[in-house]
Amino acid sequence: MASLKTKTYKLNNGLDIPAVGLGTWQSPPGAVRQAVVEALRAGYRLIDCAYCYANEEEVGQGLADAFAEGIVRREDVFVVTKVWATYTTRCALGLDKSLKALGLEYVDLLLVHWPLLMNPEGNDDRFPKLPNGERDIIRSHNHVDTWKQMEQLLGSGKAKGIGVSNYSKRYLEQLLPHATVIPAVNQIENHPALPQQEIVDLCKEKGIHVMAYSPLGSTGGPLLTAEPVVQVAEKHGAKPAAVLLSYHLARGSTVLAKSVTPERIRENVDTLLELDADDMQKLNDYSAQLTREGKLQRFVYPPFGVDFGFPDKS
Ligand SMILES: NC(=O)c1ccc[n+]([C@@H]2O[C@H](COP(=O)([O-])OP(=O)(O)OC[C@H]3O[C@@H](n4cnc5c(N)ncnc54)[C@H](OP(=O)(O)O)[C@@H]3O)[C@@H](O)[C@H]2O)c1
């Protein structure tokens, strides 16, 4: 449906954010450049990137191709990147590295990727490890200090907006009393098997927009075969992917779908649906059942060994 493809939301900083975006995690160099061009040609206007994904140079080449081919102008695309955990005491440097790789002068949104610090002087730029193989984490770091740096960056013109990612209700409640700028966004794993309603509700109350990641269940899309999802899809003569993506639009969130497959890239924006109250009830019942049975599924949880305050992991 064309209107859903072009739907946007107003952020608390006054900027418009598209309702659907292309994810780029695990999109290999060699494929992601073309995926970005294909997505922009198909009508996506949000590209979700991260320094940690180690492919921002190729994403930037895709953006440059799309600008050169006249598919979009820079100001038509909402580009998101994230400060990785080895840069949470050096946010300005983290942003500069992403901008250089992307070949851009600014991003539309800069997120704190995870609320922790990994050793900036460790044995790896992205995933430093201790001699015993565990992640090299500086546990004394306070995530509020990272946010203070993010606030300073707003004045640089290099990030039009700032936000967080992987913030639980507990972490948001620690942050908000100290925030001069309320995060524009909290990007979290979100789907019917991990609704994280307590975070979504708090974000709504505080004016923080939710961006949903791993909507299909991440690699291989394991949620595409979940029975209630299949049933809602059959009712609409649609595919399960369309239901899983449209679920977030019905919740008022932005959804990120990753694909490097041209047909899927197109399909993921061209088949979005208006789910009705019965559809959402069915999906919410499924979430409630998984919650009751202790079977919620979190597909993305790096082995940091840190309690981030998520009820299913605390
Ligand atoms: N902030 C964070 O910490 C964080 C964490 C995770 C993800 N993210 C962001 O969110 C994005 C999306 O999440 P994700 O990459 O974890 O997973 P996802 O979008 O839920 O799923 C991606 C997987 O589904 C496949 N797929 C895509 N469209 C499909 C379709 N229509 N039918 C069948 N299969 C389909 C993809 O395969 P092909 O590519 O082979 O087509 C890929 O294997 C990421 O790329 C990233 O930008 C952020």
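**Close-up 1. Packing of helix 4 against helix 5 in a predicted model.** Helix 4 (residues 91–102) packs on helix 5 (residues 143–153) at about 55°, with the axes 9 Å apart. Helices (H or I, at least four residues) and strands (E, at least two) are DSSP runs, numbered from the N terminus. Axes are lines fitted to C-alpha atoms, for helices over the stretch in contact, and angles run from 0 to 180 degrees between N-to-C directions. Cys91, Ala92 and Leu95 of helix 4 meet Thr146, Gln149, Met150 and Leu153 of helix 5 (contact: C-beta atoms, placed from the backbone, within 7 Å). Local features need pLDDT of at least 70, side-chain atom pairs count only at pLDDT 80 or more, and totals for chains, interfaces and linings use all residues. Residues are numbered from 1 along each chain as its sequence is written.

**Close-up 2. The two faces of helix 8.** Val229, Val232 and Ala233 are the buried residues of helix 8 (residues 227–236). They sit on the same side of helix 8 because they cover an arc of only 100° around the axis. Glu227 and Glu234 are exposed, on the face turned away from the buried side. Buried means 20 or more other C-beta atoms within 10 Å of the residue's own, exposed 12 or fewer, partly exposed in between; C-beta atoms are placed from the backbone. The cover over the buried residues includes helix 9 (240–250) and helix 11 (277–292). Gly237 follows helix 8, with a positive phi near 60°.

**Close-up 3. The shell around the ligand.** Strand 10 (254–258) and helix 10 (262–270) each supply at least two shell residues.

Definitions and conventions:
Two residues are in contact if their C-beta atoms, placed from the backbone, lie within 7 Å. The arc is that of the directions from the helix axis to the C-beta atoms.
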